[in-house]
Amino acid sequence: MRIILFGPPGSGKGTQGDLVEKKYGFPKISTGDLLREAVRKQTLIGRKVEAMMNQGSLVRDDIVEELVRQRIKSPDCRHGYLLDGFPRNVAQAESLEEMDGGRQEIAIEIEIDIPILVRRLESRRVCSCCGTIYNLSLQAPGNEGRCDACGGSLFQRKDDDPDVIKERMRVYRERSEQIKGFYQAKNVYRRIDGSGSVEDVFNRLSYVLDAELAKLEANKALG
Ligand code: AMP
């Protein structure tokens, strides 16, 4: 099973992806995380993509596609995986088919109002050690500036700056309709309401996933 989770920046894809990984065992692959890691380590790729990411623009397709191609070859992806932030356009969606075509898939869009998103992004903080995500108004850490899980220092992503957020929203709107159309045509598109608490959204997501997994099992049983 391949789960493609998409939705605007701040819609909670990362958090929901982590919860899916924990409950269903499908590793979460976030291209944003892979790219940020490359920037942090200042690898060849990291140095190439840093400026684009800081402006909120998309990184070149071939760079991101190669990262995904390598990652999904890992043994932990054998039974399935969840993609967060990929594909971001139809060319990437087509490239995914070419990389790993026969796999059963479902593309789930998390829908949410833009003003809610902007507020969420501006108050998002991330742990520099373990990547845990906090929200200063909804899920603030116990000690200001420190991660509850590991004590690491919290930082604000450079692309969570208000001007950069506007640009990321613009880029998302421009591409998301095409991605939606692509998966609707394959009859694997679903959408869930992204408002409410993390648990509310995860309950909706689990409902959709449980139905899909049950279908998959039933098809297997039929041979
Ligand atoms: P995210 O963490 O998904 O919001 O991604 C952060 C940034 O990483 C984006 O604004 C892009 O610059 C870059 N990025 C992540 N995924 C992709 C992708 N699939 N294609 C191009 N750029 C990406």
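Trainee: Where is Asn-187 placed?
Mentor: In this predicted model, Asn-187 is in the loop between helix H7 (162-185) and S8.

Trainee: What is its phi?
Mentor: Phi of Asn-187 is near 65°, a positive value in a residue other than glycine. Most residues other than glycine have a negative phi.

Trainee: Is Asn-187 buried or exposed?
Mentor: Asn-187 counts as exposed, because its relative accessibility is 63% and the cut-off for exposed is over 50%.

Trainee: Which other residue has a positive phi, near 55°?
Mentor: Gln-42, again a residue other than glycine. Gln-42 lies in the loop between helix H2 (31-41) and helix H3 (44-55).

Trainee: And why does Gln-42 count as partly exposed?
Mentor: Its relative accessibility is 35%, and partly exposed covers the range between buried, under 20%, and exposed, over 50%.

Trainee: Back to S8. What does strand S8 pair with?
Mentor: Strand S8 (residues 189-193) is joined to S4 by five bridges, and the two run parallel.

Trainee: What about S1 and S4, how many bridges?
Mentor: Five bridges join strand S1 (residues 2-6) to S4, and these strands run parallel. Phe-6 has Glu-109 in S4 as its bridge partner.

Trainee: How many residues of S4 are buried?
Mentor: Six of the seven residues in strand S4 (residues 105-111) are buried, so the strand is mostly covered.

Trainee: Different topic. In what order do the strands of the three-stranded open sheet come?
Mentor: The order is S6-S5-S7, with antiparallel pairing. Strand S6 (133-135) and strand S7 (154-155) are the edge strands, each pairing on one side only.

Trainee: How many bridges are there between S5 and S6?
Mentor: Three, between strand S5 (residues 124-127) and S6. Val-126 stands opposite Ile-133 in S6.

Trainee: Where is the cis peptide bond?
Mentor: The cis bond joins Phe-86 and Pro-87, with omega about 0°. Most peptide bonds are trans. Pro-87 is in the loop between strand S3 (81-84) and helix H5 (90-99).

Trainee: Last one, charges. Which residues gather in the patch of negative charge?
Mentor: Asp-113, Asp-193, Glu-199 and Asp-200 gather there, on the surface.

Trainee: Where does Asp-200 sit, and what is its relative accessible area?
Mentor: Asp-200 is in helix H8 (residues 198-222). Its relative accessible area is 33%, which means partly exposed.

Note on methods. Residues numbered from 1 in each chain as written. Predicted model: local features only at pLDDT ≥ 70, side-chain atom pairs only at ≥ 80, totals over all residues. Heavy atoms only, no water. Patch = residues over 30% accessible without salt bridge, like charges linked within 9 Å, V, L, I, M, F, W, Y side chains within 5 Å. Areas by Shrake-Rupley, 256 points an atom, 1.4 Å probe, with all protein chains shown as cover. Salt bridge = Lys/Arg side-chain N within 4 Å of Asp/Glu carboxyl O. Lys, Arg positive; Asp, Glu negative; His and termini not counted. Charge placed at Lys NZ, Arg CZ, Asp CG, Glu CD. Helix = DSSP H or I, 4+ residues; strand = E, 2+ residues; numbered from the N terminus. Buried < 20%, exposed > 50% of the residue type's maximum accessible area, 1.4 Å probe, protein only. Pairing = 2+ DSSP bridges.
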